[in-house]
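Good morning, colleagues. I should like to take you through one model this morning, beginning with a term that I shall need.

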Amino acid sequence: MSRLAADVAIIGGGLVGCWTALFLARRGQRVVIVEKGVVGAQSSGVNFGNLRLQGRFPGQYPLSLRSQELWEQLQELVGESCEFERSGHLYLAYDAAEAGKLAAYADVSESYGLAIERLGPAELRRRWPWLGREVAAATYSARDATANPRLVTPAVARAARALGVTIIENARVIESKAVGSGFLLGTDTGLAIECGQLVNAAGAWAVEIAERFGESAPLFPAGPPQFVTEPFPYLIEPSVQAVDGSVIFRQIPRGNVILAGYPRSAADPVANRAPVPPAKTLAAMRALARVAPVLAGCHVIRVWSGIEGYLPDMIPVIGASQTAPGLFHAFGFCGHGFQIGPGVGLCLTEMILDGATPTPLAPFSIGRFKDRVEVNAKFRSEFDAVEPAPKAAAPPTG
Ligand SMILES: Cc1cc2nc3c(=O)[nH]c(=O)nc-3n(C[C@H](O)[C@H](O)[C@H](O)COP(=O)(O)OP(=O)(O)OC[C@H]3O[C@@H](n4cnc5c(N)ncnc54)[C@H](O)[C@@H]3O)c2cc1C
């Protein structure tokens with residue numbers, strides 16, 4: 001058996017694991033990432049690419065805004081722009097009730113300093129003449145952005161490697177235990193890794209790691225179906241989302257329109273599959289045509305989804321383990337982890353090296369599942385036949 005030693009080992013080479021490694025390495029830490037497949041191949045590489053600030057969980061704004069600052073420095077941090085663009089985000093309402101919901105989101109965003117424009121039908125038609133007649137109101141945030149997820153995690157991993165981070169791919173961590181003041185990991189390739197501190201950034205697979213340390217969370221896998229159309233003359237600059245959840249889309253400058261259709265479908269983390277039921281393509285195209293009738297005739301040329309970890313309260317777990325000193329969890333990003341990924345990596349680095357982060361993360365503690373599980377009010381409309389675990393997660397003993 002070969003052996004490796006590190007200050008910090010990270011289980012999972014997704015966006016969160018790679019950003020954490022990069023920030024730790026910038027502060028002189030010896031870091032090892034262990035990835036069961038290849039870097040950025042799961043949720044981090046297949047997502048929609050939205051860096052949305054509007055309409056977030058209020059308690060997540062400090063983290064989200066800190067993360068956006070890092071996205072805005074992507075070129076300096078990793079040496080590549082990864083198609084990062086401040087495309088803006090247009091949130092649409094079809095009726096007065098939905099417009100009220102947008103206004104409430106805007107109040108929250110503005111209270112955290114985000115500039116939001118509130119737009120009625122005449123202004124909408126003037127600025128974006130391709131919008132359908134049914135769109136009644138919208139809010140627009142110019143700071144919201146997009147990036148190409150296929151490019152980002154490999155670029156962050158390259159930057160981390162250049163600072164000395166060891167990245168081991170195609171090795172699954174199958175054993176992890178506390179030993180003395182640190183940890184010992186074992187992989188299915190026969191590698192043993194000793195480390196002082198450990199980060200569980202294992203995405204939809206993270207609970208099996210947490211449970212080895214006697215704590216748990218009601219994580220379940222699902223994914224929003226994604227579609228891409230044939231190219232169409234470039235017309236639509238912002239990322240566009242209907243607040244009824246029916247569709248979100250963006251056009252890339254090459255002309256293709258990328259869209260996601262909701263509700264989300266179940267995914268299978270054991271078989272490593274995230275199927276897209278065929279009916280979803282038709283439903284997504286109908287929802288797209290309602291927002292942008294000009295796109296009604298476009299053909300979808302590819303469909304896909306991904307395996308994302310969700311929690312019933314629709315916010316992630318980020319922070320220190322409550323059972324194993326030196327272990328930190330970051331998982332269950334509920335479809336929002338691309339945007340907050342860099343911020344999570346920076347906050348974990350501060351927690352590991354400084355003992356605390358200035359960014360408030362209390363709502364994301366794994367301890368919130370000890371006694372009861374909150375279920376988000378929108379839950380039933382957000383997933384196809386996915387049941388949240390209704391009971392508190394009972395941690396196994398030992
Ligand atoms: C289709 C889709 C669209 C999305 N759209 C957006 C969006 O527009 N905006 C947004 O902000 N978010 C979006 N998300 C969510 C976002 O992609 C994720 O929240 C984010 O990528 C999570 O990153 P991660 O590093 O935690 O997880 P992952 O990318 O899943 O990485 C975890 C890694 O851990 C590895 N691993 C697991 N267990 C082990 C083990 N035992 N040993 C070794 N390695 C292990 C896995 O192989 C995986 O590579 C979307 C997600 C999906 C699926």
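By a helix I mean a DSSP run of H or I with at least four residues, and helices are numbered from the N terminus. Please bear in mind that this is a predicted model.

Let me begin with the ligand. Which helix gives the most to the shell around the ligand? That is H10, with four residues. H10 covers residues 337-354, and H1 and helix H2 (43-46) also supply at least two residues each. There are 41 residues around the ligand, and those that come nearest are Gly 12, Gly 14, Gly 203, Gly 306 and Gly 337.

I turn now to H1. At 1.5 Å a residue, the 12 residues of this helix, 15-26, should span 16 Å, and the end C-alpha atoms are 17 Å apart, which agrees. Is H1 largely enclosed or largely open? Because 11 of its 12 residues are buried, H1 is largely enclosed by the rest of the structure. Among the buried residues are Trp 19, Phe 23 and Leu 24, as well as Gly 17 and Thr 20. After H1 comes Gly 28, with a positive phi near 85°.

Finally, a residue in another setting. Ala 122 belongs to helix H6, residues 121-127. Ala 122 has 8 other C-beta atoms within 10 Å and is therefore exposed, the cut-off being 12 or fewer. Its C-alpha atom is separated by 9.3 Å from that of Ala 136, 14 residues apart along the chain.

Thank you for your attention.

Methods: Residues numbered from 1 in each chain as written. Predicted model: local features only at pLDDT ≥ 70, side-chain atom pairs only at ≥ 80, totals over all residues. Buried ≥ 20, exposed ≤ 12 C-beta atoms within 10 Å, placed from the backbone. Expected span 1.5 Å × (residues − 1). Near = placed C-beta within 6 Å.
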